[in-house]
Amino acid sequence: MSQLPALVRVFAYLSLLTVGGGMAAFPEMKILTVEVHKWLTFSQLIHLYSVGQMAPGPNMMMIVSIGEWAGGFLGALVTLVAFFGPTALLAFVVARFWKRLEKWPWRNSIQQGLAPVSIGLLLAGCFTMAKGAITGLETAAIAVGVLLMLLQYKINPALLVLAGAIIGAFSFTSK
Amino acid sequence: MSEVHPQPATRVVDAAPKADVSIWEIFLEFLIIGATSFGGVVPYLRGSLVTKRQWIDDKEFVEMLSISQSLPGLNATNMAVLVGEKLSGFIGSVAAILGMCLPGAALMYAAGIFYHLHGDHPWTTALLKGVAAAAVGLILSTVVSLSKKALSHKFDFVFMAATVLAVNRLHWSVPRALIVVGILAILFHRPRREQKESAL
């Protein structure tokens with residue numbers, strides 16, 4: 001029960017960091033949920049994030065699972081609202097006056113300037129995750145395989161994540 | 001209500017007449033997107049909102065998407081808010097984002113409980129190891145395709161690398177990296193009197 005205020009604070013804060021994609025918030029999410037609040041372990045966080053890539057809709061729905069672990073159904077609900085509420089409100093406000101900013105020359109500068117930074121944040125999140133997820137040659141091979149397939153062919157990424165699950169189930173169980 | 005404007009032939013899908021779309025319709029359409037958009041929401045959004053429903057045209061879609069990408073928040077939910085707002089104001093936004101989030105949230109709620117109960121099973125661990133590795137590849141491919149689309153200047157790669165180093169090596173917090181490198185990058189792209197076209 002006492003976790004609810006912490007869930008709200010953490011996920012409302014993380015929500016504002018998701019510039020360019022949910023992965024941008026991942027390094028901070030790791031620190032807050034794993035190290036500070038100990039709601040789950042790092043490998044559990046990686047697992048939930050990865051499973052979330054197979055779910056439809058916004059690709060950060062794994063936050064609901066964290067909320068559920070920390071605070072049951074209410075925890076899940078509170079986390080969902082905290083994570084999507086602030087940015088939704090911001091988008092709503094911006095939608096109202098963005099059109100009027102069309103002539104403002106800095107609008108373009110902001111868009112162009114934020115693009116490389118948000119991609120950098122995405123990559124930083126990816127590296128943070130890779131430290132836990134890429135544990136040897138086999139996992140590296142799966143990651144590179146998926147990357148090459150996606151760059152080469154028009155293929156649904158969810159299918160490749162599913163393929164990763166199948167390969168994993170068969171190649172890692174013996175150990 | 002619906003005036004017919006002659007549209008230039010170049011546009012792929014013409015601007016839809018301002019139709020009365022009910023809250024229920026908005027909710028349902030986004031619920032369908034939220035439940036079926038496996039592997040990334042954007043193409044499903046376009047197929048549904050522009051092609052099928054014609055609630056917005058291609059030009060609006062691209063514009064809304066670029067706003068969504070510059071703001072914090074996921075593309076999926078930001079787009080839902082923007083489209084909902086356009087169709088039916090505040091209530092429209094609420095209906096759209098609820099529809100978009102409900103299916104995935106319900107699924108991950110169940111998945112979280114299942115994982116909590118059976119996550120230690122050797123089969124599950126093995127399976128998840130493969131899933132996580134694949135997810136890393138997926139994020140990398142997003143980085144590559146976004147870089148191709150959004151980075152126009154050589155220096156953009158410097159800003160990108162600086163962000164990565166700040167977070168991963170210097171262990172800056174994400175907001176600090178975002179603000180420091182972001183301001184530098186915005187200043188670099190500051191409006192100039194004479195736009196240089198060479199970078200394109």
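Axes here are lines fitted to C-alpha atoms, for helices over the stretch in contact, and the angle between two of them runs from 0 to 180 degrees between N-to-C directions. In this predicted model, the axes of helix 6 (residues 137-152) and helix 7 (residues 157-171) of chain A cross at roughly 160 degrees and come within 11 Å. Chain B has 7 helices and 0 strands, and 84 of its residues are in contact with 92 residues of chain A.

**Helix 6 and helix 7 of chain A**

- Two packed helices are described by the angle between their axes and the distance between the axes.
- For helix 6 and helix 7 of chain A these values are roughly 160 degrees and within 11 Å.
- Angles over 145 degrees count as roughly antiparallel, so helix 6 of chain A is roughly antiparallel to helix 7 of chain A.
- The crossing of helix 6 and helix 7 of chain A is right-handed.
- On the helix 6 side of chain A, the contact is made by E138(A), I142(A), V146(A), M149(A) and L150(A).
- Facing them from helix 7 of chain A are P157(A), L160(A), G164(A), I167(A) and S171(A).
- Sorted by class, this contact of helix 6 with helix 7 of chain A holds 7 nonpolar, 2 polar and 1 charged residues.

**Chain B and its side towards chain A**

- Along the sequence, chain B reads α-α-α-α-α-α-α.
- Chain B has 200 residues, of which 42% count as buried.
- Taking the contacts in chain B between residues at least 6 apart in sequence, 52% join residues at least 24 apart.
- Contact between the chains involves 84 residues of chain B and 92 residues of chain A.
- The elements of chain B that give two or more residues to the side touching chain A are helix 1 (23-36), helix 3 (58-70), helix 4 (75-118), helix 5 (122-150), helix 6 (154-168) and helix 7 (174-188).
- Helix 5 of chain B contributes the most to that side, with 24 residues.
- By class, the side of chain B that touches chain A has 54 nonpolar, 26 polar and 4 charged residues.

**L32(A)**

- L32(A) belongs to helix 2 (residues 26-36) of chain A.
- L32(A) is partly exposed because 18 other C-beta atoms lie within 10 Å, where 20 or more would count as buried and 12 or fewer as exposed.
- Apart from neighbours within four places in sequence, L32(A) is in contact with V10(A) and H37(A).
- L14(A) is 18 residues from L32(A) along the chain, and their C-alpha atoms are separated by 9.2 Å.

How values were computed. Residues are numbered from 1 along each chain as its sequence is written. Chains are lettered from A and ligands numbered from 1 in the order in which they are written. This is a predicted model: local features need pLDDT of at least 70, side-chain atom pairs count only at pLDDT 80 or more; totals for chains, interfaces and linings use all residues. Helices (H or I, at least four residues) and strands (E, at least two) are DSSP runs, numbered from the N terminus. Angles under 35 degrees count as roughly parallel, over 145 as roughly antiparallel, 65 to 115 as roughly perpendicular and the rest as oblique. A crossing is left-handed if the near helix is turned anticlockwise from the far one by less than a right angle, and right-handed if clockwise. Two residues are in contact if their C-beta atoms, placed from the backbone, lie within 7 Å. Ala, Val, Leu, Ile, Met, Phe, Trp, Tyr, Cys and Pro count as nonpolar, Asp, Glu, Lys and Arg as charged, and the others, Gly among them, as polar.
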